[in-house]
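Work through the exercises below with the sequence and the model in view. Try each task before reading its solution.

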Amino acid sequence: MEKDSLAPLIPNGSSIKQKFTAAEAQPGASCTLRVDGHQVLFVDIVRWDRAPDPVDWNKVGSPYKHAAQRPVSFPGYASIGSDHAIIQAKCNTHTAYMSFAVYFSGDRVEDTPLGYKKLLRFINDFVPRETDKFGCTKN
């Protein structure tokens, strides 16, 4: 990860711990980042070896504050708010994609209409790395 994309999400603290758990049923993982024992970031990742179901990306984020469909730097779609994001990244084949759910909490969340920009920066760095890692976008 680029430090510049993660740093705005992480509060000052003396202890940063990451817990990575690989999924057992299909390719994927979850990752939790804690600062001084408080969860600040949780990401759930799944690779699906099928075509995605149709999604209305303008409505996906409706339960979350300030969430809306946002343009991203990778092939796919995203609904991103100030503290939550749902992402669908396209794989190199039409019969596979990856889904990401990102939960951001703590005092670095900016609960404003522009607060999504912190998560967007992180997502634009994180998602392409993970799609490559899971063989979704490798050539």
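**Exercise 1.** Find the residues that F100 touches, not counting residues up to four places away in sequence.

*Solution.* Step 1: apply the rule that contact means heavy atoms within 4.5 Å. Step 2: list the partners of F100, which are V43, D44, I45, A85, I86, I87, A89, F126, V127, E130 and T131.

The model is predicted, so local features need pLDDT of at least 70 and side-chain atom pairs count only at pLDDT 80 or more, while totals for chains, interfaces and linings use all residues. Residues are numbered from 1 along each chain as its sequence is written, and side-chain values use heavy atoms, with hydrogens and water left out.

**Exercise 2.** Describe the largest nonpolar core: how many residues does it have, and which have the most contacts inside it?

*Solution.* Step 1: a nonpolar core is a set of buried Ala, Val, Leu, Ile, Met, Phe, Trp, Tyr and Cys residues joined through side-chain atoms within 4.5 Å. Buried means under 20% relative accessible area, exposed over 50%, and partly exposed in between (1.4 Å probe, protein chains only). Step 2: the largest such core has 31 residues, and L41, I80, I87, F100 and I123 have the most contacts inside it. Step 3: among the elements that each supply at least two of its residues are strand 7 (97-104) and helix 2 (116-133). Helix 2 gives the largest share, 7 residues. Helices (H or I, at least four residues) and strands (E, at least two) are DSSP runs, numbered from the N terminus.

**Exercise 3.** Is E130 buried or exposed, and which residue does its side chain meet in a salt bridge?

*Solution.* Step 1: a salt bridge is a side-chain nitrogen of Lys or Arg within 4 Å of a carboxyl oxygen of Asp or Glu. Step 2: the partner of E130 is K133, at 3.6 Å, N to O. Step 3: the two are 3 residues apart in helix 2, so about one helical turn separates them. Step 4: E130 counts as buried because its relative accessibility is 9%, whereas K133, at 48%, counts as partly exposed.
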